[in-house]
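This briefing sets out selected features of a predicted model.

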Number of protein chains: 4
Amino acid sequence: MNVSIIGTTGYGGAELLRILKQHPEFKIKSIHSTKEDLPIWNEYPHLYEIIDKNLQGIDSVQIADQSDIVFLATPSGVSGKLAENFSGKNIKVIDLSGDLRIPAQAYLEWYKHAPANESLVEKAVYGLPEWHHDEIASAEIISNPGCYPTAALLSLAPVVKENLIKPDSIVVDAKSGVSGAGRALSRSTSYAEANENLRVYKVNQHQHTPEIEQQLMKWNSALKPITFTTHLLPITRGIMTTSYVQLTKDYTSSQILELYQSVYEKQPFIRIRPENSFPSVKEVAGSNFCDIGVHVDSRTGRLTIVSVIDNLMKGAAGQAVQNANIMSGLDESAGLGFVPLYP
Amino acid sequence: MNVSIIGTTGYGGAELLRILKQHPEFKIKSIHSTKEDLPIWNEYPHLYEIIDKNLQGIDSVQIADQSDIVFLATPSGVSGKLAENFSGKNIKVIDLSGDLRIPAQAYLEWYKHAPANESLVEKAVYGLPEWHHDEIASAEIISNPGCYPTAALLSLAPVVKENLIKPDSIVVDAKSGVSGAGRALSRSTSYAEANENLRVYKVNQHQHTPEIEQQLMKWNSALKPITFTTHLLPITRGIMTTSYVQLTKDYTSSQILELYQSVYEKQPFIRIRPENSFPSVKEVAGSNFCDIGVHVDSRTGRLTIVSVIDNLMKGAAGQAVQNANIMSGLDESAGLGFVPLYP
Amino acid sequence: MNVSIIGTTGYGGAELLRILKQHPEFKIKSIHSTKEDLPIWNEYPHLYEIIDKNLQGIDSVQIADQSDIVFLATPSGVSGKLAENFSGKNIKVIDLSGDLRIPAQAYLEWYKHAPANESLVEKAVYGLPEWHHDEIASAEIISNPGCYPTAALLSLAPVVKENLIKPDSIVVDAKSGVSGAGRALSRSTSYAEANENLRVYKVNQHQHTPEIEQQLMKWNSALKPITFTTHLLPITRGIMTTSYVQLTKDYTSSQILELYQSVYEKQPFIRIRPENSFPSVKEVAGSNFCDIGVHVDSRTGRLTIVSVIDNLMKGAAGQAVQNANIMSGLDESAGLGFVPLYP
Amino acid sequence: MNVSIIGTTGYGGAELLRILKQHPEFKIKSIHSTKEDLPIWNEYPHLYEIIDKNLQGIDSVQIADQSDIVFLATPSGVSGKLAENFSGKNIKVIDLSGDLRIPAQAYLEWYKHAPANESLVEKAVYGLPEWHHDEIASAEIISNPGCYPTAALLSLAPVVKENLIKPDSIVVDAKSGVSGAGRALSRSTSYAEANENLRVYKVNQHQHTPEIEQQLMKWNSALKPITFTTHLLPITRGIMTTSYVQLTKDYTSSQILELYQSVYEKQPFIRIRPENSFPSVKEVAGSNFCDIGVHVDSRTGRLTIVSVIDNLMKGAAGQAVQNANIMSGLDESAGLGFVPLYP
């Protein structure tokens, strides 16, 4: 199958190239960017002699003609408009941006710029494969989940769906590596300012908040707004969410673990850690895994849930390919068997 | 005044040397360790030609004779015993370990080894200068607060004392640099395993939990057990605590800020950040500051409090010298005017 | 083909597992260590639910019976003795240690402990595939090159073999990430001491010096001893060698480049960078590439050669598998198509 | 004495603020930048409540009127022009840029933009205090040495001046932390690209080359052009130069060490390490020290010299204040007694 990437020069695009180059069924047909006519290794020297394609301009008609699947790795605000060009053209579209994830009004409020076409947003399937496998399989357009929402939702789903927690008790303390901010230059992601540092940002204002809440409320309509806080870690890749919820009853850690293990038993990319074992972010680096550990504090009746992903993989490009696999009728994990790079 | 350090080869001891070398009134009389007769630069080459003293064995009688102040930078389990040797000898003692902070039973439960002499624990004043200035001034022995408790308590004190929060709602998500684990070697603090990583540890079992709760309950007897979680950051120095509490009324961020500013107005080492500004850990590196930022989320009624310190300074050696200053009738900030090292 | 690994718990062993798990022809038969009966994920949680084998003790007879290939990822001093057990048993052996690389007397002088059996050292083929392909193909036992020698030799070979440089002019300034020191704990590889630091070590005394010189002198008998200096970088993976040699004539950068391109034209893992482009270590992370850039300074007549590898891949496990592929008649790059993990 | 800083928002300017705030004799009169009317903590939150000045525009007349000393922490190309405004006005000027260091023609060739007024360049004293103390004491304008030249020159001076080395044999392999590149944003200094990386840059083209050569040739007219290579380290602060020179005779390491010790005996900021001990960059972090270690390789007759500084201190702001002290008749080390921040 022929796949094309639009927005190839960002980190999400580069990670798609890494995956797709080694994929057994997908063939990179063309790569696109506003920096047309440069060899890709000029932007990314690590691809020298590996991917010998040049970046091309974005001609949606031509791309639609020659591709079976197109990945939009373009920024929020751009993706939504591009996606329209591919709608109804018998081509599978996977958008990695936030443009198709939430309704227009919430988008405007949290993203603070104009939302995408509303019918497109409605048409897009939210591509969280562990929970939406069948809708994804028949979708034409996928809205690929955000990095933070992926880690948070996968770790909260079992207790939220089973209604084991107080609906107003969710606090998600999230920490992300710097690559999550993309390749655009900024002071807070410059080396001298991010290194040996930990920074909290967008306190109570992160645009992933409504995305997380929307899905939680689909699972459990009683859910109330959550507290969601984001921190910038001095690492390149990786997200950890440490979530705190108040249990409604005196469950033990092992009861909660049993639930998680049973819920995710057949999921190839979810690893539930044994009791008293918790994942660290490096243990999933470069892979598509989401690892989860839980612990109940009997003193407070609170459950702590720790979830880690590689933000460029399960949090972006890896999950996008997982969705593409499902849409294409392939094994969900085709081309995604990366063993984490440790140490 | 003559000061001696016992346990000089750990990071707390080395930081005491850095401070005391530049202190206007304290003179380093002798430095002690189990590695006797080595020049200190052999252990710490950065002190070459700066501190030309040799490490000596630990002869408590001699140390008491020649010192006005003694710092115990020895590990928990060792400090408690050493402190006895200096009790009642007209010498000021500041213990940086956890040995004198909490009662015997709680100590046994959380530290999991034998507690110190109980009368000594009772005699020791908990050295949080912003709240215990007068007791410190007249104390003979100080129990220097733990690194995490310093950051957590300073940031929670105003709302806890003023009774503005629900007593069972405190969640403290804490993150620390690697130097907090001391100089002893371990796999989780080795470079290849800590770098590019974030690790959660001692989930619901950290020994600083009872220390924090004890002080909170002194301030407000209605307080319930807290949730306290610790993470290992890939940085050398610095702690951030992100704390979440449920407000009892609809306060605004600016109302909460006013309270913090007024409470800490005269404290030389507390910097309350303006609205919508939050401190990052590097902004206090190498200094004795504790910086605090707050934000109320009107959607959830929850207050988020961000607090940062340098764990070796305000979290250990800096606070110890601050206590020594107060005990000696000096200006509290004597020799502690370090401007943060940024970037 | 069945392969076994001895010394699985070091970083070289873990990297072999990562590669072999994804290899199309090799099957991990058994993994061995002195820590027998532990599941490997207990040592390396990133392998949880990926490799479900337990570590076993080292029973050479059984290993020889059930394996076609055995990798010795054991330390210098151990490997040499183990290798004897597999000699003459119709099993391919690849030793990643330094034990079989240099003659007994040089070994004693530089490694400062007892050398391996001399006939075994003579029998072992030095496994630098770009230069010894045919000997490797028919070898029974391979001495896998050291990490520094791999980077240095590949980058010096063309000008040394072609006799373009003054024989006493070679200076190799080498820099390595911390994983090169192995998983054993040490102060200089602890996070707080290695981070934000650069350390020079074993100045003029590194045990890789005679290994490099021996091969250079095989290529050009006029060569004199070299200056070889090693530095510890605050990164986990990666080696860079910056080499300085005095040219015998006024060659231009482009002439030297042409030589390198022509020499390495057919080598799948050598990437010669275009003029004025130089590789950085992260551009090969997680891959088996060795990237080389060159520049002639007309002011001094000196050639600068920059070479980078991932020390655990082309510098250890990757090259070991490359050798195993050649010994087994497979495509040299089978199972080694890793795209560098960037950023 | 009143001092003013122009170009306060770069890292050199911020470091000057850190030093001057704690200086016993100098008083910060005003701080200047093109970002006028901002409080400095807006740019540098670590200075919140420490330095309460606002940035002002650059009015040279007013600055000259109110200041005894002015520091130009402005970029190359800007400093040279500003310096003219203060020439002949009975005010001491210290320029931290490269503008006044080398003659017009060399400047044009290596900096590739227009040089400063030539008479100003001639008037400026090259401010390397260990070698130019008396000229500095009577200078009106100081050209503060570059970071790399400071480390390289201090480490090469003894053997170059004493004529112990072959004049065409100098190779300086230099490594710098990211803050050396300044605060302007660039891809190579962004976190995700610099972290876990080592990058070689400006190979044989670094603008500090002629600065180093000029001083070396003043010391020893027989000296030939040197090879000077620069690498970007994944650390914030610190420079190491590893220099290789061919000795003319069979000196031992201890003979060379004796020379260094005797040459630098009275210099407060030079620490010559004992035999077989070498400095690492973190051992001088935040301080004004330059630490040097040497080793002779008897196999090759080459001397290796390792030199480390904090690039923002001895490599910029620290040395600038050292020069200001000398110009003002103060103790050279006034306000510079910073103990290195370790770990």
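Apart from neighbours within four places in sequence, Cys147(A) has contacts with His208(A), Ile239(A), Ile309(A), Asn311(A) and Gly315(A).

**The annotated cysteine of chain A**

- An unreviewed UniProt entry assigns the feature "active site" to Cys147(A).
- Cys147(A) belongs to helix H8 of chain A, which covers residues 147-161.
- Cys147(A) counts as buried because its relative accessibility is 14%, the cut-off for burial being under 20%.

**The parallel sheet of chain A**

- An open sheet of seven strands in chain A has the order E3-E2-E1-E4-E5-E7-E6, with parallel pairing.
- The edges are taken by strand E3 (55-56) and strand E6 (125-126) of chain A; each has a single partner strand, so one side of each lacks a neighbour in the sheet.
- Within this sheet, four bridges link E4(A) and E5(A) in the parallel sense, and Phe71(A) lies opposite Ile94(A) of E5(A).
- Helix H12 of chain A (residues 313-327) packs on the sheet and touches E4, E5 and E7 of chain A. The direction of H12 makes about 160° with that of E5(A).

**Helix H4 of chain A**

- Helix H4 of chain A spans residues 79-86, and its buried residues are Ser79(A), Gly80(A), Leu82(A), Ala83(A) and Phe86(A).
- Viewed down the axis of H4(A), these buried residues fall within an arc of 160°, and they therefore line one face of the helix.
- The elements covering the buried residues of H4(A) include strands E1 (2-6), E4 (69-72), E5 (92-95) and E7 (141-143) of chain A, together with helices H3 (60-66) and H6 (118-123) of chain A.
- After H4(A) comes Gly88(A), which has a positive phi near 75°.

**Gly7 of chain A**

- Gly7(A) is found in the loop that runs between E1 and helix H1 (11-21) of chain A.
- With a relative accessible area of 14%, Gly7(A) is buried.
- Although Gly7(A) and Leu72(A) are 65 residues apart along the chain, their C-alpha atoms are separated by 6.4 Å.
- Beyond its neighbours within four places in sequence, Gly7(A) is in contact with Gly13(A), His32(A), Ala73(A) and Thr74(A).

**The mixed sheet of chain C**

- Chain C has an open sheet of seven strands in the order E9-E10-E8-E11-E14-E13-E12, and its pairing is mixed.
- Strand E9 (199-201) and strand E12 (270-272) of chain C are at the edges with a single partner strand each, so one side of each is without a neighbour in the sheet.
- On average, neighbouring strands of this sheet are turned by 20° against each other, direction ignored.
- Strands E13 (residues 290-297) and E14 (residues 302-309) of chain C run antiparallel and are joined by eight bridges; Asp297(C) has Arg302(C) in E14(C) as its bridge partner.
- Helix H11 of chain C (residues 253-263) packs on the sheet, where it touches E12, E13 and E14 of chain C, and its direction makes about 155° with that of E13(C).

**Asp310 of chain D**

- Asp310(D) sits in the loop between strand E14 (302-309) and helix H12 (313-327) of chain D.
- Asp310(D) is buried, its relative accessible area being 0%.
- The side chains of Asp310(D) and Arg237(D) are joined by a polar contact of 3.0 Å.
- Leaving out neighbours within four places in sequence, the contacts of Asp310(D) include Gly238(D), Val284(D), Ser287(D), Phe289(D) and Gly315(D).

Technical notes. Residues numbered from 1 in each chain as written. Chains lettered and ligands numbered in written order. Predicted model: local features only at pLDDT ≥ 70, side-chain atom pairs only at ≥ 80, totals over all residues. Heavy atoms only, no water. Pairing = 2+ DSSP bridges. Helix = DSSP H or I, 4+ residues; strand = E, 2+ residues; numbered from the N terminus. Axes fitted to C-alpha atoms, helices over the stretch in contact; angles between N-to-C directions. Contact = heavy atoms within 4.5 Å. Buried < 20%, exposed > 50% of the residue type's maximum accessible area, 1.4 Å probe, protein only. Arc of directions from axis to C-beta. UniProt positions renumbered as here; feature names shortened; annotations may be inferred. Polar contact = N/O pair within 3.5 Å; in protein donor to acceptor, adjacent residues only side chain to side chain.
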